[in-house]
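Please open the structure in your viewer and keep the selection tool at hand. The tour below goes from one selection to the next and says what is to be found at each stop.

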Amino acid sequence: MTVTVSGPLPDEVYDVAVVGAGVVGAAIARELARYPLRTALVEASGDVGDGTSKANTAILHTGFDAVPGSLEARLVREGRDRLAVYAEECGIPVEPIGALLVAWDDEQLATLPALARKAARNGYRRTRTVCADELRRREPHLGPGAVGALEVPDESVICPWTTTLAYATQAVRAGVDLHLNCRVDGVSEGSRRSPHRLSTGRGPLRTRWLVNAAGLYADEFDRLLGHTDFSVTPRRGQLMVFDKLARGLLTHILLPVPTALGKGVLVSPTVYGNVMLGPTAEDLDDKRATGSTAEGLAFLTEKGRRIMPDLLEEEVTAVYAGLRAATEHDDYMIRSHPGQRYVTVGGIRSTGLTASMAIAAYVVDLLSEAGAEPGTAADLVPVTMPNLGEAFPRPYERAELIAADPAYGAIVCHCERVTRGEIRDALAADIPPSSVEGLRRRTRALGGRCQGFYCGAAVRALFDAPSHGAPSYGAPAADSSSHGSEAAR
């Protein structure tokens, strides 16, 4: 079990290297871990899921509105079923609360039957038209003017942070090497008998097969190997998060009727007990532009006031923005290049979380068809993830857990009711956080109403304590001939 954060990389030839440890890259690494392969998962930042995967709308889609016949439609449909089973196995929080596509005028109302037929073409046949009276009974806080809706009962909300971490943890425990702080800036393409040689900030890494899951940077990585099939345009989505007192205002994910301009702004509960409003859809040039803007928040406020006026009376606890890897194409850009022993996994947009496990299986199939010969698959040892969901018992609520270990009764973050035991466990995990922000994604600490005003110092002290067992991030490797600074077991 090896996780490295600094120092030279192993002087060995991997069978497969996956570049990018977002939710898709981590899922691919996990799938490859089922085979007798030496696999590396390489990530530029200091944590898994630290790019696009950490800031999305956190919905487990049914794929009802995908383009029929597209690769995305197929993989979302297959991925949804796989991830639903996996989440239950691992303890990833999922709430199947269903969605309502709300029509606000007769023109939108007239499109609902076509959307139902589109869902059926995508293999989803459980949609149902809801009249205005029923809609008002079920969602009494909707703004005035709603004339009907299409119900999609199997849409769910999920924890995206735990999903990525579960994939990566299971992969690492099964023998995948995870190399963090390891940006790839060059590739020397191998010949039929020699491996690829990746130039990274931590020295060279050699691999026979290469998978590009670099997210926003997948197009740039593709160009290193001579491909210009697509360009990634970062599409910023700004979102507002409302305090838990707003959770009682709605019982479904409230979606707009999609238009030619996109899916629009939704209102959705989160598994953490909050309510989310967003996202915007802004095509940008800067792949690092994850800041929120006054214009974006004003736009969301205007939309939110129309959808659910009462929501705007509640406290906003946070705003954030994520970037989707949009391309000029309407489908995923997953391409196999057998002659180069290389697979591109590009153009994975907001549905990538749902489709991640199906994408992973598809990529392994492409590698096999290209001649990788992965061997016989084996079952992985299941993992059990900490519960971050508000709808399930948290450690502070479990008397038997506190009796066995009082640290689970010592609350550090009172807004989110995060205990010292949970923080301790996260810091000692197989893949520990590299920052306080990473610790927040593992525990919810600092993510509540006060945003760390009261507990920030205490959480920071626990993170900085040398006894928590995490590696010394950013420090030089103690032994430059070893596999770097390892959180290894």
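Select residues 23–32, helix α1, where Val23, Val24, Gly25, Ala26, Ala27, Ile28, Ala29, Arg30, Glu31 and Leu32 are buried, buried meaning under 20% relative accessible area, exposed over 50% and partly exposed in between, with a 1.4 Å probe and protein chains only. Helices (H or I, at least four residues) and strands (E, at least two) are DSSP runs, numbered from the N terminus.

This is a predicted model, in which local features need pLDDT of at least 70 and side-chain atom pairs count only at pLDDT 80 or more, while totals for chains, interfaces and linings use all residues. Residues are numbered from 1 along each chain as its sequence is written, and side-chain values use heavy atoms, with hydrogens and water left out.

Next, select Asp47 and Arg442, whose side chains meet in a salt bridge at 2.7 Å, N to O, the term requiring a side-chain nitrogen of Lys or Arg within 4 Å of a carboxyl oxygen of Asp or Glu. Asp47 lies in the loop between β3 (39–42) and β4 (59–60) and Arg442 in helix α11, so the pair ties together parts that are 395 residues apart in sequence. Asp47 counts as buried at 1% relative accessibility, and Arg442 does so at 9%.

Finally, select Arg138 and Glu134, a salt bridge with its closest N and O atoms 2.9 Å apart, both residues lying in helix α4 (residues 132–138), four residues apart.
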